[in-house]
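Hi everyone, thanks for coming. Let me walk you through the model on the screen, starting from the inside.

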Amino acid sequence: MRKRVLVTEPIPETVKNYLQEHVELTTWDSPEQMPREELLDAIGNFHGLITAKDRIDDELLEQAGQLEVVSNISVGYDNFDVDALKRSEVIATHTPYVLDETVADLIFGLILSSARRITELDQYVKQGKWDKAVDAPLFGHNVHHKQLGIIGMGRIGEKVARRAKLGFEMEVTYYNRSRKETVENELGVIYQDIDPLLQESDFILLMTPLTKETLHLINADAFKKMKDSCFFINASRGKVVDEAAMIKALEGKEIAGAGLDVFEQEPVESDNPLLKMDNVVTLPHIGSATAETREEMKLFAAKNMLQGLSGKQPEAVIKELQ
């Protein structure tokens, strides 16, 4: 008997065809998230679940008597209750590697847009305000040869560091749970404790996963340590930052600006003060959102699923569950 797999995200025909060669496939093709009640009612019939947003917790796993593998279409997995998955012994996978370059591209877009005021001045022109030569009130800040501090030197952080060092001749420092001496030697980046990194950097990039330990890692004290000329960039998870403290720091000019692809609440509320600030670039969590990368991520998630169901070790099992 073929194993049954449920996919709760729209997937391209190429990925559907690939899965259908091996399993009995059911797909949820709406861009709207599958209702939780409907998922809970259905999950008991499936051996595999491919998802990107659904909460995988005790409630779901108790209904999933046949579930063997859950495959996340994301490098992050904060929608997974890791402790619940450990108890269930269900294999859980994610999709690292394939999105690293794409996210690094976007991060540099945030750095450049924030420092050179690109989105702000785009609106300045479109609103018909450009009636004379640009002078000091509209000047931005250089990116080249400045100091970039990266908090969380994972694969994406390494890609950003390479762009910064080789493309913009920036000084790059980083803070991480463990030293990355290979990266230091290869790229010439420098390890710093978090306090001096916060105090000395011209740009600070946050790239840590969301865990119990990193919740609100960047708080009011952290913003007070930053230079008033510093630009803060977050492309990790919104809840790693105390958003209220960030808003206060921006309003009080404790930092120069921010480039944000993530927020504490997503989608962001329309009355969020960040949306009214000219010195903040706001994006709708599009780090990996290119057609090529998203298709590759979904294919990777499908491969993880088939490997797990066949009894093989999937390429990208979540490390906390190994």
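A nonpolar core here is a set of buried Ala, Val, Leu, Ile, Met, Phe, Trp, Tyr and Cys residues joined through side-chain atoms within 4.5 Å, and buried means under 20% relative accessible area, with exposed over 50% and partly exposed in between (1.4 Å probe, protein chains only). Please keep in mind that this is a predicted model, where local features need pLDDT of at least 70 and side-chain atom pairs count only at pLDDT 80 or more, while totals for chains, interfaces and linings use all residues. Residues are numbered from 1 along each chain as its sequence is written, and side-chain values use heavy atoms, leaving out hydrogens and water.

So which residues have the most contacts inside the largest nonpolar core? They are Leu-19, Ile-107, Leu-148, Ile-150 and Val-160, in a core of 49 residues. Apart from that core lies another, of 26 residues, including Phe-263 and Met-277.

Back to Ile-107: beyond its neighbours within four places in sequence, Ile-107 is in contact (heavy atoms within 4.5 Å) with Ile-156, Val-160, Leu-205, Met-207 and Ala-235.

Now look at helix α11, residues 243-251; helices are DSSP runs (H or I, at least four residues) and strands likewise (E, at least two), numbered from the N terminus. Its buried residues are Glu-243, Ala-245, Met-246, Ile-247, Ala-249 and Leu-250. Their cover includes α10, β10, β11 and β12. At the start of α11, a side-chain oxygen of Asp-242 comes within 3.3 Å of the backbone nitrogen of Ala-244. After the helix comes Lys-253, with a positive phi near 55°.

Finally, Val-125 sits in helix α6, residues 118-126, and counts as partly exposed because its relative accessibility is 44%.

Key
Polar contact = N/O pair within 3.5 Å; in protein donor to acceptor, adjacent residues only side chain to side chain.
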